[in-house]
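The stops below are given in the order in which to select them.

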Amino acid sequence: ASLSFTVGRSFLCRPVVPYSSVSNAMRRSLSSASPMSGSDASAEPNTDKLFTAEHEAMRSTLRRIIEQDINPYVDEWEAKEIFPAKQLFKKLGNAGLLGVTRPVEYGGLGLDYSYSVALAEEYGRVNCGGVPMAIGVQSDMATPALARFGSHELKEQFLRPSIAGDLVACLGVSEPTAGSDVASIKTTARRDGDDLVINGSKMWITSGMQADWMCLLANTEASVKDPYLSKSLICLPLDLPGVQRARKIRKIGMHSSDTAQLFFENVRVPASYLIGEPGQGFIYQMLQFQEERLFGAAANLLGLELIIQETAEYARQRKAFGQSLLDFQTVHFRLAELLTEVELLRSMVYRATAKYVAGNDVTMLASMAKLKAGRLVREVTDSCLQYWGGMGFTDEVRVSRFYRDGRLLSIGAGADEVMLSIICKYMRTLPKPPKK
Amino acid sequence: YIHIINKADMAASKGLKILVGCKRVIDYAVKVRVKPDRSGVVTEGVKHSMNPFDEIAVEEAVRMKEKKLAGEAVAISVGPPQSQETLRTALAMGIDRAIHVEIPLAQLEKLQPIHVSKLLAKVCESEKPDLVILGKQAIDDDCNQTGQMLAALLDWPQATFASKIEPSQDSKQLRVTREVDGGLETIDVSVPAVVTSDLRLNEPRYATLPNIMKAKKKPLAKMSPDQLGVDLQPRQEVISVEDPPVRKAGAKVESVEDLVGKLREKGLVK
């Protein structure tokens, strides 16, 4: 007699352990592979030259961590409106997942960006948007300038522990009066002897309630008129006097990610905490936007694919007017349209990644990918939610959470309108600013 | 003058040498489909991974190395070219080197445990491991034969369905706890021996990313069945493969009397 037993391994639990919600049960059977969509990069043998066996092996490791250490807890974290970043990032850090493209000297793997994209895609397997977003900030958004331009001491103090998962990082750019218009931020960091004194506030800071340190963008060069050359990036420990985590912002989605508003009143840091050259902060920040945008696009691909598959399975089971919902042509045709769009976006992400890895500037393609991703997530989740009917409107299914979480992509990490402006700049159709 | 020490020799001189078998199978989470011609199941374009019981075997070997009970751990896989990926996973988990016995596609479908155990026995003749750990069974065919057959071919002791492996009291043998129908059985086996892993032996680690990159550099040797002089002539012919019958709906009863009544109706009790 074989003893049926779960040690966090579900293979002896075939058939599926009963779950309270329909969509959970379907998600189990769809979790790793589906013969339905030959496009699931993890299902078919890798034919893309972009990803090697090592990329796939890393995705497997990440998949295990998602299945064991993340997904079982997502519902709880969404309800609590926070997730234990310190604990989770340590697990990810131990597996080597937080510094894939970072220098080996500081605990990273020194690999190229294609590895980040492969892992970003795998994060789409998480049952919410908040946790991958916070992980993305930790691994890809808060540290690129530090890794590239920071002093050795600064990297030892902030980069190494962030890669190891010992410190939680956040990125402090946006302010209550400045989101898309980064150049008009008001936070200052004025030189006073050997220190920088910081005054101002930051808004919409992902992981801001939990973070140990912030990569802060502030005005440092009072004498420089050009707003693009007057700012610097500073490593700011958040336990210093004068730092106030004013409130956790309540949002319509991304619940498990804590989003904070912070105030800084005469916060003192050593001037050596400034990353690279003073006045270059804005430029440094811009340099890594390509990666941030590709990450945002890549991270949603798998989630979109899975929600389309899940919706098809639901529609197959759901009966209406004597037949299965899926059999109505409008339903299966629409899902086919949506999947087509997802594959198109995937191709663009892979193409941009390949070009970037080869050393090219992919600002235009990355901006296009981000623009398309933000809009596609809204379109797919909205259409799919419709097919879930009343259930789609409840908290009991995954599509409603994806609908809420996905809305942020068109806003954060570069709003659609900013992406459009960038593309117009490349098309040379952007009007010149009015002469004063 | 640089004295180059052969790491493998150094490691092997202290502790057991372990050979671990890993098989590439259809991933446990995949919904397996029968081919329309009923000759087998669909494997094209379907996700494959290491047999879960073999992962447990690999993990045990790596743990024995970490505990210094073992000096060298070698992984072996008998299968198609893609079995190399399975071996790379083992290397990424901490195995030192790997051997791939490549089976041409034409013979792959007809490969049986008897063939695999003969191939493994041949490799044992040259590798001379102290301990062979295999998964108790593969999740595709559920045969549960290779370990037992291998032990018989080598005339070595076997300890199957292991839930614990440790040195015996006098440290000269291995004490293995086995999961059997009646409960747990503990036996001492002398080495060399064949042990097969059961579910509760350990919880396998996932390969960390740095180890995945390091695995690329670890040695992976290739062999063919011809080189090993093993005949792969099939002894069985699969007539057909079918889906299991669809489970019929049950019925709910209100009381024990009703239940007994229904059982009587169906002639299941007198």
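**Stop 1**

The model is a predicted one. An unreviewed UniProt entry places the feature "domain: Acyl-CoA dehydrogenase/oxidase C-terminal" at these residues of chain A.

**Stop 2: helices 10 and 11 of chain A**

Next, select residues 289-317 of chain A, which are helix 10, and residues 329-357 of chain A, which are helix 11. At what angle do helix 10 and helix 11 of chain A pack? The angle is about 155°, and the axes are 10 Å apart. Angles over 145 degrees count as roughly antiparallel, so helix 10 of chain A and helix 11 of chain A are roughly antiparallel to each other. The crossing of helix 10 of chain A past helix 11 of chain A is left-handed. Show the side chains of this contact: its residues divide into 18 nonpolar, 3 polar and 4 charged.

Stay with this pair of helices and pick A:L335, which lies in helix 11 of chain A. A:L335 has a relative accessible area of 6% and is buried. Draw a distance from its C-alpha atom to that of A:A312: A:L335 and A:A312 are 7.5 Å apart in space and 23 residues apart in sequence.

**Stop 3: aromatic rings**

Colour Phe, Tyr and Trp. Over all chains, the structure holds 10 aromatic pairs. Take A:F149 and A:Y284 from among them: the ring centres are 4.0 Å apart and the planes stand at 10°, so this pair is stacked. Which helices hold the two residues? A:F149 is in helix 7 of chain A (residues 144-149) and A:Y284 is in helix 9 of chain A (residues 281-287), so the pair ties together parts that are 135 residues apart in sequence.

A:Y284, with a relative accessible area of 6%, is buried.

Then select A:Y73, A:W77, A:F83 and A:F89, which form one aromatic cluster.

**Stop 4**

Move to residues 170-267 of chain A, where UniProt (unreviewed entry) places the feature "domain: Acyl-CoA oxidase/dehydrogenase middle". With the cartoon on, how much helix and how much strand is there over residues 170-267 of chain A? The chain here is 0% helix and 50% strand, and the end C-alpha atoms are 17 Å apart.

**Stop 5: the segment after helix 14 of chain A**

Select A:R428, in the segment that follows helix 14 (416-427) of chain A. Phi of A:R428 is near 60°, which is a positive value in a residue other than glycine. A:R428 counts as exposed, at 76% relative accessibility.

**Stop 6: chain B as a whole**

Taken along the principal axes, the C-alpha atoms of chain B fill a box of roughly 90 × 50 × 40 Å. Of the 270 residues in chain B, 44% are buried.

Now select residues 38-232 of chain B, which the UniProt annotation "domain: Electron transfer flavoprotein alpha/beta-subunit N-terminal" (unreviewed entry) covers. Over this range the chain is 33% helix and 29% strand, with the end C-alpha atoms 23 Å apart.

**Stop 7: helices 5 and 6 of chain B**

Select helix 5 (residues 113-127) and helix 6 (residues 146-154) of chain B; their axes come within 9 Å and cross at roughly 45°. That angle makes helix 5 of chain B oblique to helix 6 of chain B. Helix 5 of chain B passes helix 6 of chain B in a right-handed crossing.

**Stop 8: two backbone details in chain B**

Start with B:K68, in the loop between helix 2 (52-66) and strand 4 (70-79) of chain B. Phi of B:K68 is near 65°, a positive value in a residue other than glycine. B:K68 has 66% relative accessibility and counts as exposed.

Finish at B:P192, in the loop between strand 9 (183-189) and strand 10 (193-197) of chain B. Is the peptide bond from B:V191 to B:P192 cis or trans? The bond is cis, with omega near 5°.

How values were computed:
Residues numbered from 1 in each chain as written. Chains lettered and ligands numbered in written order. Predicted model: local features only at pLDDT ≥ 70, side-chain atom pairs only at ≥ 80, totals over all residues. Heavy atoms only, no water. Axes fitted to C-alpha atoms, helices over the stretch in contact; angles between N-to-C directions. Helix = DSSP H or I, 4+ residues; strand = E, 2+ residues; numbered from the N terminus. Parallel < 35°, antiparallel > 145°, perpendicular 65-115°, else oblique. Left-handed = near helix turned anticlockwise from the far one by under 90°. Nonpolar A, V, L, I, M, F, W, Y, C, P; charged D, E, K, R; others polar. UniProt positions renumbered as here; feature names shortened; annotations may be inferred. Phe/Tyr/Trp six-rings, centres within 6.5 Å; stacked < 30°, edge-to-face > 60°. Buried < 20%, exposed > 50% of the residue type's maximum accessible area, 1.4 Å probe, protein only.
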